[in-house]
Amino acid sequence: MPSLEEELFPSTPGKFKIERSHHMNRQLYRCFASTSTMFLWALFLIALTASYLSFQGFVDSGSRYLTASWGGIQWEKQVRTSAQIHRQGGMSVLVTGAAGFVGSHVSLALKRRGDGVVGLDNFNDYYDPSLKKARKSLLATHDVFIVEGDVNDAKLLAKLFDVVAFTHVMHLAAQAGVRYAMENPHSYVHSNIAGLVTLLEACKTANPQPAIVWASSSSVYGLNEKVPFSESDQTDQPASLYAATKKAGEEITHTYNHIYGLSITGLRFFTVYGPWGRPDMAYFSFTRNILQGKPITVYRGKNHVDLARDFTYIDDIVKGCVGSLDTSAKSTGSGGKKRGPAPYRIFNLGNTSPVTVPTLVSILERHLKVKAKRNIVDMPGNGDVPFTHANISSARRELGYKPTTDLQTGLKKFVKWYLSYYGYNHGKPVN
Ligand SMILES: O=C(O)[C@H]1O[C@H](OP(=O)(O)OP(=O)(O)OC[C@H]2O[C@@H](n3ccc(=O)[nH]c3=O)[C@H](O)[C@@H]2O)[C@H](O)[C@@H](O)[C@H]1O
């Protein structure tokens, strides 16, 4: 007795018995029926696979289309409108990191005086993205459009340069923070190195090439002990990976200046603070903790020496950024080819009057009318430097840079903003 399987799928023709015709007919019929069933099943499976694949393709392209935060006629219109210049001799500026602290302030300042501004920001969650969204909303009320995207997105950058012939790029997108570099080193390489190169590639290819102003950092002075820090001082002893990536940025931009004729200005910012600031910075997190009655950790340097920073108020930094854009000579290249030498500049943007961290805390206590619970600890080996102090004579001479806000005044403005933004009324949260 053949097994059912053998009956339906005889393994050899010899297994067919020709002499029993009725049986053979039945066998043939069953065989035919099974073959056609198989055929139908095969057809069905092929159709199913094909429709699945095309559905997947549809879903893929659909979701790409639906989730892509850039592209399309409406988007291009927004970009063009935002880039429109409304003053004689004005510029059209692509501001990267426009939803960031410095980026949002610079974008507003440029827009207010009639320049065209298009922002770019990836809205990452290094700190509370809702603050970035709030800055975006603020900029939107001033007709500054921020494109949501990453500086590593070469296609997006090419598209932006395709839509607008930017005269300048203000490159402020970066992974900031000195101590966080020990937690997430790769984010610094991703933004401050890979992102910078992607942006420079786009700028070099653009026709016309824009002039570039970008944010370096006071941290490049690292373990330098000569004070005040001058642009010509040694910067080959970074104390943190953050500083190392900023220093690398200075070398990388030099290369693009040298090979492609890109006009470059690097700005070494000194601990910038103020309204709409970064929650990860000491003045900001101290304020939050003091108001919430939580202790703050105040680092102290070697031999119990207080740490000090050349804290620089945001409005002064904005003037330095705008002055840099205004004094930037044009890039000389086109179509990726250098046509002549272009300037390569580096400036310190500091306040020239360092203040110790305990003094910063005392000023905050006065403005907040709350005593801080200070937890003083020795500075851990986490990338910090003991002090910073800028020599700003180059910026003063060439950019007309002249900081006018001392820490006392600047923190007063910051505290006023903080209390209003986070809904405090007479020192109490409003709820
Ligand atoms: O000029 C720059 O290029 C950099 O400035 C800023 O770095 P820093 O000068 O380190 O500012 P910030 O963190 O506010 O710490 C200030 C002081 O408070 C001390 N500090 C800090 C935290 C803490 O809990 N306790 C403490 O004592 C701390 O030891 C330090 O002495 C930017 O964050 C950075 O992105 C970069 O732009």
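**Conventions.** I number residues from 1 along each chain as its sequence is written, and side-chain values use heavy atoms, with hydrogens and water left out. Because the model is predicted, local features need pLDDT of at least 70 and side-chain atom pairs count only at pLDDT 80 or more, while totals for chains, interfaces and linings use all residues.

**Sheet.** I traced an open sheet of seven parallel strands in the order β3-β2-β1-β4-β5-β6-β11. Strands here are DSSP runs of E, at least two residues, and helices are runs of H or I, at least four residues, numbered from the N terminus; two strands pair if DSSP finds at least two bridges between them. The edges are β3 (145-148) and β11 (344-349), each pairing on one side only. Neighbouring strands are turned by 20° against each other on average, direction ignored. I then examined β1 (92-96) and β4 (168-171), which pair in the parallel sense over four bridges; Val95 stands opposite Met170 of β4.

**Helices on the sheet.** I found α8 (241-260) touching β5 (211-217), β6 (264-269) and β11, with its direction at about 155° to that of β5. Helix α10 (314-327) lies across β4, β5, β6 and β11 and runs at about 170° to β6. Contact means heavy atoms within 4.5 Å; axes are lines fitted to C-alpha atoms, for helices over the stretch in contact, and angles run from 0 to 180 degrees between N-to-C directions.

**Ligand site.** I listed 22 residues around the ligand, of which Arg179, Ser217, Ser218, Thr297 and Asp384 come nearest; a residue is near if one of its heavy atoms lies within 4 Å. Strand β8 (295-300) and helix α9 (282-291) each supply at least two shell residues, and β8 gives the largest share, three. A backbone N or O atom of Ala282 lies 2.8 Å from a ligand oxygen, and one of Tyr299 lies 2.9 Å from a ligand oxygen. Arg309 places a polar side-chain atom 2.8 Å from a ligand oxygen. Alone, the ligand exposes 690 Å², of which the protein buries 92% (Shrake-Rupley method, 1.4 Å probe).

**Backbone geometry.** I noted a cis peptide bond between Asn207 and Pro208, omega about 5°; Pro208 is in the loop between α7 (185-205) and β5. The bond from Val227 to Pro228 is also cis, with omega near -15°, and Pro228 lies in the loop between β5 and α8. Asp143 has a positive phi, near 65°, in the loop between α5 (129-141) and β3.

Conventions: Polar contact = N/O pair within 3.5 Å; in protein donor to acceptor, adjacent residues only side chain to side chain.
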